[in-house]
Amino acid sequence: MIAGGLRSPACLFNSCRFFARKHLGIAGGGRISVSMKFDMRLLAVVPSLFDTSPGQRFRLEQWDPLLKEHGVDITYAAFEDEELHAVLYTAGNIKEKLRLVGRAFQRRISLLRSVRDYDLVYVFREASLLGPPVFERWVHRAGVPLIFDFDDAIFVPYVSPANRYLSYLKQPTKTKTICRLASHVMAGNQFLADYAKKVNDHVTIVPTTIDTDKYVVSDRADNAGPPLIVWSGSYSTVQHLDTLRGALQRLAQQENFRLRVIGTPTYKLDGVDVEAMPWRARSEVEDLACGDIGIMPLPDDRWSKGKCGLKALQYMALGIPTICSPVGVNIDIIKDDENGMIAASEDEWITKLTQLLRSAELRKTLGKAGRATVESEYSAKVQAPRVYKILESVRHGLKATEKPRMSNEKNALPSRG
């Protein structure tokens, strides 16, 4: 049967699990259940197929194996299926997208029949990509505790470059309703938490995390050629990089560097040596790891204030010195000139990039400090125990302790006896 949960060390089981995730559907990659004692059954209602969405991959999917060790059996139920995923983030194909979205709504309706089989229902961002929070309302009426997790300002109207027409059916105002219906809200940063607290007293900041066993610092001493500046994003966020076009062109007139743009197959910038590539799951870490400097420019708007600093955290976890715009959570993650750099104006971007390009020692120092920040506050190992405590508190009807910073907390999960 398909259920949430387990990873066996056996190679045969791993192969079966991969097949189930890729082909069997219910969880957008559910997993094969084997004999193991589970104390808690969690239905994860998520937008995307397993291992395809950054938000999911760097939150629940990353916490999953650590939660499983303490008896949390997770079943993933994705809104997407393979067909919808293949067309959803491409331009056009409106009729086909609507047909497949309609089929996804039917899957959600079918799922309603089984929600009482679970101890908890976890919703990431929204149960359905379009329309009102029908599923969330039904779960609330069914009396099953609902945990709502969001890592973007999804309550702010946003028009996707790939889905301009569908964006008008998103109903961003439903986020407040879901926050109100939830037994507990997990918010990725303070800006999101403040929004949720308007309608719910049970809110905990849980930052986006990095798997520090997968993201490790590599030796850049042998990097050939000029220093490599890395930007990582997507087709819809490349507009953020565009805000640095002038700065990078001016910088190229005085410094020798290369620019790697990850997330779009082409990127033209006159006077700058640019290498553009699509994002690739299989080589995500390797594509980033050879960078000498990581950049994360953001516009200062409400949508960007909801961002949880994932790209900066990825760079920092790899020991890459990072420069960010002073927007939202970036100023919480980075202490200027201590574990990274903050740049607000075009002149500041040029000045700070020049400092890093000219000093390998400064790059090494800031990169090491950035890695230490991720290990102490933004690693899955640090945050998963906090998530477990939230799940336990909700299941038992208790209020979870609310602490945005974890540096001084004891993170060991309680013994299962």
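Hi everyone, let me start with one spot: the charged end of Arg-108 sits over the ring of Phe-135, 6.0 Å from the ring's centre. A quick word of caution before I go on: what you see here is a predicted model.

Arg-108 is also a way into helix α5, where it is one of the buried residues. Why do we say that the buried residues of α5 line one face of the helix? Looking down the axis, they fall within an arc of 110 degrees, so they line one face. As a reminder, an α-helix has 3.6 residues a turn, so residues three or four places apart point the same way. On the other side of α5 you will find Lys-95, Gln-106 and Ile-109, which are exposed.

With 18 residues at 1.5 Å a residue, α5 should span 26 Å, and the C-alpha atoms at its ends are 26 Å apart, which agrees.

Let me step back for the overall picture. The protein has 18 helices and 14 strands. How much of it is buried? Of the 417 residues, 55% are buried. Among contacts with a separation of 6 or more, 70% are between residues 24 or more positions apart. The accessible surface comes to about 18400 Å², and carbon and sulfur atoms hold 53% of that.

Now for the aromatic rings. Counting rings whose centres lie within 6.5 Å, we get six aromatic pairs. One of them is Phe-79 with Phe-105, an edge-to-face pair with 5.5 Å between centres and 80 degrees between the planes. Phe-79 lies in the loop between β4 (72-78) and α4 (82-88), while Phe-105 belongs to helix α5 (residues 94-111), so this pair ties together parts that are 26 residues apart in sequence.

Next come Phe-155 and Tyr-195. Their ring centres are 3.7 Å apart and their planes are at 5 degrees, so this pair is stacked. The pair links distant parts of the chain, 40 residues apart: Phe-155 is in the loop between β6 (146-150) and α7 (164-167), and Tyr-195 is in helix α9 (residues 190-196). Phe-155 is buried, with a relative accessible area of 8%, and Tyr-195 is buried as well, at 9%. Together with Phe-191, Phe-155 and Tyr-195 form one aromatic cluster.

There is another arginine over a ring to point out: Arg-41 lies over the face of Tyr-118, at 4.6 Å from the ring centre.

Gln-314 is found in helix α14 (residues 310-317), and its relative accessible area of 1% makes it buried. Which residues is Gln-314 in contact with, leaving aside neighbours within four places in sequence? They are Phe-58, Ile-210, Tyr-215, Glu-284 and Leu-288.

Thr-212 sits in the loop between β8 (203-205) and β9 (228-232). At 9% relative accessibility, Thr-212 counts as buried, since the cut-off is under 20%. Again leaving aside neighbours within four places in sequence, Thr-212 is in contact with Arg-371, Val-374, Glu-375, Ser-379 and Lys-381.

Terms used: Residues are numbered from 1 along each chain as its sequence is written. This is a predicted model: local features need pLDDT of at least 70, side-chain atom pairs count only at pLDDT 80 or more; totals for chains, interfaces and linings use all residues. Side-chain values use heavy atoms; hydrogens and water are left out. Rings of Phe, Tyr and Trp (its six-membered ring) pair if their centres lie within 6.5 Å; planes under 30 degrees apart count as stacked, over 60 as edge-to-face and the rest as tilted. Helices (H or I, at least four residues) and strands (E, at least two) are DSSP runs, numbered from the N terminus. Buried means under 20% relative accessible area, exposed over 50%, partly exposed in between (1.4 Å probe, protein chains only). A charge sits over a ring if NZ of Lys or CZ of Arg is within 6 Å of the ring centre and within 35 degrees of the ring normal. Contact means heavy atoms within 4.5 Å. Accessible areas come from the Shrake-Rupley method with a 1.4 Å probe; for residues, only the protein chains shown count as cover. The expected span of a helix is 1.5 Å times one less than its number of residues. The arc is that of the directions from the helix axis to the C-beta atoms.
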